[in-house]
Amino acid sequence: MSAQKVLEFFKAMNQIPRGSGNEKAVSDWLVEFAKARNLEVEQDEANNVLIRKAATPGFENRPSIILQGHMDMVCEKSDASTHDFLTDPIEHIEEGEWLHANETTLGADNGIAVAMSLAVLDSDSIEHGPLECLFTTSEETGMDGALAIKEGQTHGQYLLNIDTEVEGEFVVSCAGGCRVDVEIPRLRDNRDSQFTHALKLTLDGFLGGHSGIEIHKERANGNQILGRLLYELAAQYNYQLASFTGGTKHNAIPRVGSATILVKESDVKPITTWIQAKMKAYRGEFTPQDENINILVSDAELPDTVYGGDTAESLLTFLYLAPNGVFAMNHSLEGLVETSNNIAIVEETEHTIHLLISIRSLSESSMDFLTKKIHLLASTLGLPSKIAGSYPAWEYEPGSPLEEQAIAIYEKVTGQKPKVTAIHAGLECGLLKAVMPNTQMISFGPTITHAHTPQERLHLPSVEHIFDYLKVLLKELK
């Protein structure tokens, strides 16, 4: 069976909206897929789906294998896109060796894992031992599906997680993480009559990206840049802050956001000129990694109320002082980030301005230090904060039979030696290991670029290479 079947299943799945938290329809589709082929299937309360297939004749005594991936996707689109992720199918565009979507995320992260597993389940010619395919939900927003997996629900000796994004890389360990929620009381005052003009400041040209896999690229965080700009503007001009929002996903470096400020009519032009000059300086700091960042200034409707002085000061001071990005490097593996954080979301709620900060680390001690540092900053400013959504790191088990065989078979199939590494992102292996302590795990996958952004791309030759490798791996694992 060729990789074309993989792409057929992937494109069929992309006809079903499957953003995190909206997986019921695709989960039901997977159940129907199994029933149509007389395969044993289970669907749990979290809409996880587990499909079992008996071993190929002659392979009954081989190790039982779990193929694992998540069915949900990050829903991001360009400013120009009118795509509705709740109702619209993903539009596929093939350009040369690459597949991408039309101004939206493609969902190859991690739909390609599901598609490869379906191709194996659908085939009568791929040889394998006892097989289970585990498809989880809400990985992108907290790994809720993996958290719902119970001990004894699966029975694999080996687990193959197909959720990495560089062909030829084998991941054997991943970061754990948590989030810190900071709440700023959203007090409102009437606008000062001297401020007669409203300006909207909008992020533009920010690359964003995956806050784990791409945090080492040190791209600009839109929330922090906008907060920094407004904090420094206050030293030059009087204004009132009426709104501030930024970021959409906990695991995406924020690239969209806006703020509304009220200014004096006589200050409109000087402030606009000042912002342009300041952004030129910021671009210099982020060249070449994020060299097109900008903040657009446009007229806005004049609101009747603005943030109270304490609210605005707390928000901008916190954004100005809070750590963001790489906090510590791991020196056991070259180029690996040990600990980082991402000021991911700033959003208004009914009574507060909510800040969601995502923290990742391979070290529990380092993560605890960074978490307490952020908590202390919030406390110093009189702001409540809490830790939530913790998930464990996947600790490395050197010399496992699975790792040794996976590497040897890859070298045989491709003629190349793979890179064995850890990843500064959360994989479900960390959570699954807690309920499958005796299951050996490894993660690999085809090349995907710009995950979690509308520029997401899937390398088609890589899909074929990895699927060819997977078929041999299933056949030869002992």
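1. Strand β4 (residues 92-95) and strand β5 (residues 98-101) pair in the antiparallel sense, over four bridges. Strands here are DSSP runs of E with at least two residues, helices are runs of H or I with at least four, and both are numbered from the N terminus. Two strands count as paired if DSSP finds at least two bridges between them. The hairpin leaves two residues between its strands, and Gly96 takes a positive phi near 60°.

2. Before going on, some housekeeping. This is a predicted model, so to speak of local features a pLDDT of at least 70 is needed, side-chain atom pairs count only at pLDDT 80 or more, and totals for chains, interfaces and linings use all residues. Residues are numbered from 1 along each chain as its sequence is written, and side-chain values use heavy atoms, with hydrogens and water left out.

3. β5 has another partner. Three bridges join β5 to strand β23 (residues 457-459), and the two run antiparallel. Trp98 stands opposite His459 in β23.

4. Is β3 buried or exposed? Six of the six residues of β3 (residues 65-70) are buried, so the strand is largely enclosed by the rest of the structure. Buried means under 20% relative accessible area, exposed means over 50%, and partly exposed is in between, with a 1.4 Å probe and protein chains only. In a regular strand, side chains alternate between the two faces of the sheet. Here both faces are covered: Ile65, Leu67 and Gly69 are buried on one side, and Ile66, Gln68 and His70 on the other.

5. As for the neighbours of β3, six bridges join it to strand β6 (residues 131-136), running parallel, with Ile65 opposite Leu131. Four bridges join β3 to strand β7 (residues 158-161), also parallel, and there Ile66 stands opposite Leu159.

6. Helix α9 (residues 401-414) has 14 residues and reaches 20 Å from its first C-alpha to its last, close to the 20 Å expected at 1.5 Å a residue. That expected span is 1.5 Å times one less than the number of residues. Its buried residues are Leu402, Glu403, Gln405, Ala406, Ile407, Ile409 and Tyr410. What covers them includes β7, β8 (169-174), β20 (419-423), β21 (440-443) and α11 (460-476), where contact means heavy atoms within 4.5 Å. After α9 comes Gly415, with a positive phi near 75°.

7. A search of the whole structure finds five cavities of 30 Å³ or more. The grid is 1 Å over the protein atoms alone; a cavity is a set of points where a 1.4 Å probe fits but cannot get out, a pocket is an open set with protein on both sides within 12 Å along at least five of seven lines, and lining residues have an atom within 4 Å of a point. The largest cavity holds about 180 Å³. Of the 19 residues that line the largest cavity, Glu139, Glu140, His210, Ala425 and Gly426 are the closest to its centre.

8. The largest pocket has a volume of about 540 Å³. Of its 27 lining residues, Val166, Glu169, Ile213, His216 and Ile423 lie nearest the centre. Elements giving two or more residues to this lining are β8, β17 (336-348), β20 and β22 (448-449). Which of them gives the largest share? That is β20, with five residues.

Terms used:
Grid points are joined across faces, edges and corners, and a volume is the space filled by probe spheres set on the points.
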